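Colleague: I'd like to learn how to read strands and helices in a model like this one. Could you walk me through it?

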Amino acid sequence: MKVLIPINIPHLHWYLADLDLLTWKVSIYDSSEWCGFFKKYAGDGSFKSLGDSILSELDHISYWAHFPNRQNPTEVKFVKAKHVPQ
């Protein structure tokens, strides 16, 4: 099961994040790879903050009570998708 999350860098750029609810991996699809957004936001803690927010929201809506067989992760892993088309 996947959740698509649009991410906006205000007045600059949009990219797509794909959250896999089974592996807790977020794939970042950024067609402007040359701008270095993935490296910047992975390095400054922005992705960690987003991952923590996702887990907090799932706690808030009692997600784990509805899906007791799913693992409750301690963190969400972010990876950069390769060969994203323009």
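**Reading the sheet and its helix**

Modeller: Happy to, and keep in mind that this is a predicted model. Start with the hairpin: S1 and S2 have three residues between them, and histidine 11 in that turn has a positive phi of about 60°.

Colleague: How many bridges join S1 to S2?

Modeller: Eight bridges link S1 (residues 2-9) and S2 (residues 13-20), and the two strands run antiparallel. You can trace one yourself: lysine 2 has aspartate 20 in S2 as its bridge partner.

Colleague: What is the order of the strands in the sheet?

Modeller: The order is S1-S2-S3-S4, in an open sheet of four strands with mixed pairing. At the edges are S1 and S4 (77-80), each of which pairs on one side only. On average, neighbouring strands are turned by 25° against each other, direction ignored.

Colleague: Do S3 and S4 run parallel or antiparallel?

Modeller: Parallel, with four bridges joining S3 (residues 25-29) to S4. Serine 27, for example, has valine 79 in S4 as its bridge partner.

Colleague: Now the helix. Which residues of H2 are buried?

Modeller: Buried here means under 20% relative accessible area. In H2 that applies to Phe47, Gly51, Ile54, Leu55 and Leu58. Seen down the axis of H2, the buried residues fall within an arc of 90°, so they line one face of the helix.

Colleague: And what do the buried residues of H2 pack against?

Modeller: Their partners are S1, S2, S3 and S4, along with helices H1 (37-43) and H3 (63-66).

Terms used
Residues are numbered from 1 along each chain as its sequence is written. This is a predicted model: local features need pLDDT of at least 70, side-chain atom pairs count only at pLDDT 80 or more; totals for chains, interfaces and linings use all residues. Side-chain values use heavy atoms; hydrogens and water are left out. Two strands pair if DSSP finds at least two bridges between them. Axes are lines fitted to C-alpha atoms, for helices over the stretch in contact, and angles run from 0 to 180 degrees between N-to-C directions. Buried means under 20% relative accessible area, exposed over 50%, partly exposed in between (1.4 Å probe, protein chains only). The arc is that of the directions from the helix axis to the C-beta atoms. Contact means heavy atoms within 4.5 Å.
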